[in-house]
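Colleague: I have a fold to get my head around before class. Can you walk me through it?

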Amino acid sequence: MPQTVALIGGTGRLGPGLALRLSRGGVPVLIGSRDLERALDVAERVTALGAETKIRGVTNAEAAALGQLAILTVPYEAQAPLLPALATPLAGKVVVSTTVPVRFDPALGPVAVEVDEGSAAEQVAALLPGSRIVGGFHTVSSAHLSRLDRELDEDVLLCGDDDGAKEEVRRIATVIPGVRVVDAGRLGNATHLEQLTVLLLSINRLSRRSVGVRLTGL
């Protein structure tokens, strides 16, 4: 039986698409939210798009407790207020940080936000000291994930200091057809992955497209 994946803050942009694609790959999914009614509504809508396994809407606290692997899909500014209360149920578990610290300037477009810890993923590691932190899924287009008629052709770049944790995330990610997982090294490299995503957002804005990343030569 595949691990149950908890999407904490899973009702935003990235969560529903990830839930749909993971479900199509046979992975049970919990969509967490601060608002249970919103979580139930999003889970129902994602299931109707063509889910293969059960997608449940729950609170973030329930998602953290019940999930075997957690993926954080919350905005950067929500991490520090949210995560300390989830440290106990997430202890010992692999937790994936997908967050990109970014602000949107009316003139400049997407602008990277500096993080005292170095990156959003490293902030997660500080807030959840008992968890096994991996940074990943930053560059995967939420728009592409949400459309089953869209064939994916992009890489998921993972960084982290725990090789076993990265392997667990790799096994989960590769149930999504068209996705290739690339080991991007230590957790400190999350700074570069997050900033790469800011660059992709800028390209999206200029090209009016939704782009991902595929590395050549591998």
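Modeller: Here is a short tour of the sheet, a pocket and some single residues.

Colleague: Where does this model come from, and how are residues numbered?

Modeller: This is a predicted model; local features need pLDDT of at least 70, side-chain atom pairs count only at pLDDT 80 or more, and totals for chains, interfaces and linings use all residues. Residues are numbered from 1 along each chain as its sequence is written, and side-chain values use heavy atoms, with hydrogens and water left out.

Colleague: OK, the sheet. How many strands form it, and in what order?

Modeller: It is an open sheet of 8 strands, in the order β3-β2-β1-β4-β5-β8-β9-β10, with mixed pairing. Strands (E, at least two residues) and helices (H or I, at least four) are DSSP runs, numbered from the N terminus. Two strands pair if DSSP finds at least two bridges between them.

Colleague: Which strands stand at the edges?

Modeller: β3 (55-59) and β10 (179-183). Each has a single partner strand, so one side of each is left without a neighbour in the sheet. Neighbouring strands are turned by 25 degrees against each other on average, direction ignored. For that angle, axes are lines fitted to C-alpha atoms (for helices over the stretch in contact), and angles run from 0 to 180 degrees between N-to-C directions.

Colleague: Now β5. What does it pair with?

Modeller: β5 covers residues 94-97 and is joined to β8 by 4 bridges, running parallel. There, V95 stands opposite I133 in β8. Another 4 bridges join β4 (residues 69-72) to β5, again parallel. L72 stands opposite S97 in that pairing.

Colleague: Are the faces of β5 covered or open?

Modeller: Both are covered. V94 and V96 on one side, and V95 and S97 on the other, are all buried. Buried means under 20% relative accessible area, exposed over 50%, and partly exposed in between (1.4 Å probe, protein chains only). In a regular strand the side chains alternate between the two faces of the sheet.

Colleague: And how do β8 and β9 run, parallel or antiparallel?

Modeller: Antiparallel. 2 bridges join β8 (residues 132-135) to β9 (residues 154-160). V134 has G160 in β9 as its bridge partner. E167 belongs to helix α8 (residues 163-173) and is partly exposed at 30% relative accessible area.

Colleague: Switching topic. What volume does the largest pocket have?

Modeller: About 1,000 Å³. On a 1 Å grid over the protein atoms alone, a pocket is an open set of points with protein on both sides within 12 Å along at least five of seven lines, while a cavity is a set where a 1.4 Å probe fits but cannot get out; lining residues have an atom within 4 Å of a point. Grid points are joined across faces, edges and corners, and the volume is the space filled by probe spheres set on them.

Colleague: Which residues are closest to its centre?

Modeller: R13, L14, T73, V74 and P75, out of 36 lining residues. The elements that give two or more residues to the lining are α4 (76-82), β6 (102-105), α7 (142-145) and α9 (190-207).

Colleague: What classes are in the lining?

Modeller: 15 nonpolar, 15 polar and 6 charged residues. Ala, Val, Leu, Ile, Met, Phe, Trp, Tyr, Cys and Pro count as nonpolar, Asp, Glu, Lys and Arg as charged, and the others, Gly among them, as polar.

Colleague: Is H144 buried or exposed?

Modeller: Buried, with a relative accessible area of 7%. H144 is found in helix α7. Its side chain makes a polar contact of 3.4 Å with that of R150. That term means a pair of N or O atoms within 3.5 Å; within protein, one must be able to donate a hydrogen and the other to accept it, and residues adjacent in sequence count only if both atoms are side-chain atoms.

Colleague: Last one. What is phi of F137?

Modeller: Near 70 degrees, a positive value in a residue other than glycine. F137 sits in the loop between β8 and α7 and is buried at 3%.
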